[in-house]
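Reader: I am new to this structure and would like to learn how to read it. Could you take me through its features one at a time?

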Amino acid sequence: MFENVQAAPADKILGLMMQFREDPRDNKLDLGVGVYKDSHGDTPVLAAVKSAELRLFDSQKTKAYVGVQGDKEFCAEMASLVLGDSVSMDRARICQAPGGTGALSILSMLIGRTAPDATVWLSDPTWPNHMPLLKNARLKTQQYPYYDTKNGKLLFDGMMEALSAAKPGDVLLVHGCCHNPTGADLDLAQWAAIADLCLEKGLLPFVDFAYLGFGDGLEEDAAGLRLLASKVPEMLIAASCSKNFGVYRERVGAAMIIAAAPAQAEATFTQLMSVTRAVYSMPPDHGAAIVRMVLTDPHLKSEWITELNDMRNRMLKLRSGFAEALRRESNSSRFDFIADQRGMFSRLGIAPEEIDRIRADHGIYIVGDSRINIAGLPDNRLDEVARAIVSSIE
Ligand code: PLP
Ligand code: TYF
């Protein structure tokens, strides 16, 4: 069976992460994989999460299965965090999933079951795992223009124009906030235009929500998604807790279905549960139990919000500081867009040879599409990093 199997292409981001680990240089700098780092370059366990883990250790009485939906209280808390009061909860069904990726995958398989002829439209560029997981669900895909890397600008008109070719029943995959890899987000007027487009053309919006709280704030980051949810009859959401709770390896996320009527939501949810039973039966418990504890305990919740605010404010400060350092070093406004974008990523808009040179000469690791992880920048080396980049580009 295996004698003719060819190796699968590597994930470029995860490949770069491995290459970085093997680099012996002391002053090497990882701006690759999307993991939040503090001013010491560490990704520590949040204090609120640690407290919840200690409590869980003391209070947990069983490791018996959690059930296919996962922890119901976790699901309810996630629904309220993401959706607020934008939709009536009797039209929504939520399950716990192994990370945002797990949520994206099971929802994609649900689409594959219920609308196998649908085309899923995704942004160009997008997170490199979107395409493989949609293909894995045997779905057709097409990309819409989203971002002009050379000029650091969102291509909203191009996006809307491309989507005019979408057929009724097609799926529109959008990033809820902090677009990966560009950091360029839709404003509220653009979210409203997308809602109108979905209504007009009968498209199903599918929101990938992996960075809630990393852009402008918990409420602000959810505003576009909630506006959309308040207008459309049906919607899918894949939420991740990896980044905002810093629980990456625990694999915590939620898959949400919104339907036009409660009975449709319920029937569709039974299909989703049938998908998950076939794939992994039941979700892992530990991370979701922690998130549930944090969200249901007022003291832990406020501690978490403070820690989330600190992470976000650090990234915002790094954005303006780095844009300023690049402005000084390049004597131009070429990189000013970095200060205006949001979340963990921006694309420098430099060439692959330049990226290779920066890695070879300075030990600075940047993804091949010129994406940098803003949180990976050390506060006290902004000028040095800006100098290394500017000196390596034409
Ligand atoms: N979607 C986007 C856009 C991401 O950047 C990530 C990051 O890893 C994910 C989904 C999935 O996150 P995870 O599966 O680690 O929760
Ligand atoms: O974009 C990133 O860096 C994160 C982490 O296959 C990641 O979302 C990257 C690639 C991948 C899974 C996670």
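Author: We can start with the domains. The centres of domain 1 and domain 2, taken over C-alpha atoms, are separated by 27 Å. Domain 1 covers 12-45 + 301-392, and domain 2 covers 65-296. This is a predicted model.

Reader: How many residues of each domain are in contact with the other?

Author: On the side of domain 1 there are 23 residues, in contact with 24 residues of domain 2. The elements that give two or more residues to this side of domain 1 are α1 (12-22), α11 (298-330) and β11 (345-347). The most come from α11, with five residues. By class, the side of domain 1 that touches domain 2 has 10 nonpolar, six polar and seven charged residues.

Reader: What does the predictor say about its confidence in the model?

Author: Confidence is read before detail. Where pLDDT is low, the predicted coordinates should not be read in detail. Here the mean pLDDT of the protein is 97, and 100% of its residues reach 70 or more. For the complex, the predictor gives an ipTM of 0.97 and a pTM of 0.97.

Reader: What radius of gyration does the protein have, and what would a compact globule have?

Author: The idea is to set the value against the one that a compact globule would have. With 394 residues, such a globule would have a radius of gyration near 21 Å, and the protein agrees, because it has 21 Å. The C-alpha trace spans about 60 × 55 × 55 Å along its principal axes. Within the protein there are 14 helices and 13 strands. Of the 394 residues, 45% are buried. Among contacts between residues at least 6 apart in sequence, 75% join residues at least 24 apart.

Reader: Is helix α10 largely enclosed by the rest of the structure or exposed, and why?

Author: One counts the buried residues of the helix. Helix α10 (residues 286-296) has 11 residues and nine of them are buried, so it is largely enclosed by the rest of the structure. The buried residues are Gly 287, Ala 288, Ala 289, Ile 290, Val 291, Arg 292, Met 293, Val 294 and Leu 295. Their cover includes α2 (47-59), α3 (72-83), β2 (92-97) and α11.

Reader: Which residues surround ligand 2?

Author: A ligand's surroundings can be read by name, by class and by domain. Around ligand 2 are Asp 11, Ile 13, Leu 14, Val 33, Gly 34, Trp 127, Asn 129 and Asn 180. This shell has four nonpolar, three polar and one charged residues. Domain 1 and domain 2 each supply at least three residues to the shell around ligand 2.

Reader: Which residues come nearest to ligand 1?

Author: Ligand 1 has 13 residues around it, and Gly 99, Gly 100, Thr 101, Ser 240 and Ser 242 come nearest. Helix α4 (residues 99-114) gives the most to this shell, with three residues. The shell around ligand 1 divides into three nonpolar, nine polar and one charged residues.

Reader: Where are the cis peptide bonds at Pro 125 and Pro 181?

Author: For a cis peptide bond, the angle to look at is omega. The bond between Asp 124 and Pro 125 is cis, with omega about 5°. Pro 125 lies in the loop between β3 (119-124) and α5 (130-136). Asn 180 and Pro 181 are also joined by a cis peptide bond, with omega about 20°. Pro 181 lies in the loop between β7 (171-175) and α7 (188-201). Asn 180 is also one of the residues around ligand 2.

Reader: Is Cys 178 buried or exposed?

Author: One counts the C-beta atoms around the residue. Cys 178 has 27 other C-beta atoms within 10 Å, so it is buried. Cys 178 is not a glycine, yet its phi is positive, about 50°. Its place is in the loop between β7 and α7.

Reader: And is Arg 138 buried or exposed?

Author: Arg 138 is exposed, with 12 other C-beta atoms within 10 Å. Phi of Arg 138 is near 60°, again a positive value in a residue other than glycine. Arg 138 lies in the loop between α5 and β4 (140-145).

Note on methods
Residues are numbered from 1 along each chain as its sequence is written. Chains are lettered from A and ligands numbered from 1 in the order in which they are written. This is a predicted model: local features need pLDDT of at least 70, side-chain atom pairs count only at pLDDT 80 or more; totals for chains, interfaces and linings use all residues. A residue is near a molecule or strand if its C-beta atom, placed from the backbone, lies within 6 Å of it. Ala, Val, Leu, Ile, Met, Phe, Trp, Tyr, Cys and Pro count as nonpolar, Asp, Glu, Lys and Arg as charged, and the others, Gly among them, as polar. Domain bounds come from an automatic or database domain assignment. Helices (H or I, at least four residues) and strands (E, at least two) are DSSP runs, numbered from the N terminus. Two residues are in contact if their C-beta atoms, placed from the backbone, lie within 7 Å. pLDDT is the predictor's confidence in each residue, from 0 to 100. The radius of gyration is taken over C-alpha atoms; the globule rule is 2.2 Å times the number of residues to the power 0.38. A residue is buried if 20 or more other C-beta atoms lie within 10 Å of its own, exposed if 12 or fewer, and partly exposed in between; C-beta atoms are placed from the backbone.
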